[in-house]
Amino acid sequence: MAERQTGVRRRNADRRQVILDAAARRFAEHGFEATTVRQIADDVNILSGSLYHHFATKEEMLAEVVRDAVLDQRERALRIAGSGHDAETKFVTLIREELAALAERIEAYAVIFNERKVFRRNPDFLDLIKARKETFDAWRDVLEQGVREGLFHAGIDSYLMISTIMRMLNTGADWYRHEDGSPLDAMADYSLEALTEFYTGFVLRSVRSAERAAEPVPSAVEVA
């Protein structure tokens, strides 16, 4: 009996993940509000009513699609910001790890970015909003540390800078993952490492103090 129950739980968990994968694809490509429960059910060849056996609402599916990515993003930023390195090394490491995570889990992060209005207006997502705020605060702390250390210039608008970086990295990761090899799409000529190096240098030139503009870009580090 115990083995049978274990098997049922495993099948339910597998089915739940298949549904989440289909929901993530739909939300990323078409948007949360434009996606219907019937479409998700059709994608996994089950009836809409059967889908509600696994998830009570479409909002619950949305939360499950993005939760791990949001929490990973927060923990990554807090870990790097709390390390003992100088601000510039931290900043380079933040950019490298963020872009790598975006490229690896592009659908979840696309949903996080595109559906931020949905998250803000629904109290069921307050924990995710809080985690996102903590991520932003970690990036801001690194910028402020850089100003104190004389590495970054004092005129940085933290909100605009971090928002711009996140938009840029999201766009770059999407471009990298979804290039189609057409003559108009040159991303096939770039590795993720080359993309990371470009964005890192571009951002550092925007935040560095003027007298340090031409200094070499420091290497990112592994932060335990």
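Colleague: Why does Phe-27 count as buried?

Modeller: In this predicted model, Phe-27 has a relative accessibility of 1%. Buried means under 20% relative accessible area, so Phe-27 counts as buried.

Colleague: What makes Phe-27 and Phe-32 an edge-to-face aromatic pair?

Modeller: Their ring centres lie 5.2 Å apart, and rings pair if their centres lie within 6.5 Å. The angle between the planes is 65 degrees; because planes over 60 degrees apart count as edge-to-face, the pair receives that name. The structure holds seven aromatic pairs. Elsewhere, Phe-91, Trp-139 and Phe-152 form one aromatic cluster.

Colleague: Is Phe-32 buried or exposed, and how do you know?

Modeller: The relative accessible area of Phe-32 is 5%. The limit for buried is under 20%, so Phe-32 is buried.

Colleague: How do you know that the charged end of Lys-58 sits over the ring of Phe-32?

Modeller: The charged end of Lys-58 is 4.3 Å from the centre of the Phe-32 ring, and the distance criterion is within 6 Å. Arg-116 provides another case, with its charged end over the ring of Phe-113 at 4.4 Å from the centre.

Colleague: Why is Gly-49 called exposed?

Modeller: Gly-49 has a relative accessible area of 54%. Exposed means over 50%, so Gly-49 is exposed. Gly-49 lies in helix H3, residues 48-51. Its C-alpha atom is separated by 9.3 Å from that of Val-37, twelve residues away along the chain.

Colleague: What makes the span of helix H4 close to the expected one?

Modeller: Helix H4 covers residues 58-81, which is 24 residues.

Colleague: How many helices and strands does the protein have, and how much of it is buried?

Modeller: The protein has ten helices and zero strands. Of its 224 residues, 44% count as buried.

Colleague: What do the contacts show about separation along the sequence?

Modeller: Among contacts between residues at least 6 apart in sequence, 72% join residues at least 24 apart. A contact here means heavy atoms within 4.5 Å.

Definitions and conventions. Residues numbered from 1 in each chain as written. Predicted model: local features only at pLDDT ≥ 70, side-chain atom pairs only at ≥ 80, totals over all residues. Heavy atoms only, no water. Helix = DSSP H or I, 4+ residues; strand = E, 2+ residues; numbered from the N terminus. Buried < 20%, exposed > 50% of the residue type's maximum accessible area, 1.4 Å probe, protein only. Expected span 1.5 Å × (residues − 1). Phe/Tyr/Trp six-rings, centres within 6.5 Å; stacked < 30°, edge-to-face > 60°. Lys NZ or Arg CZ within 6 Å of the ring centre and 35° of its normal.
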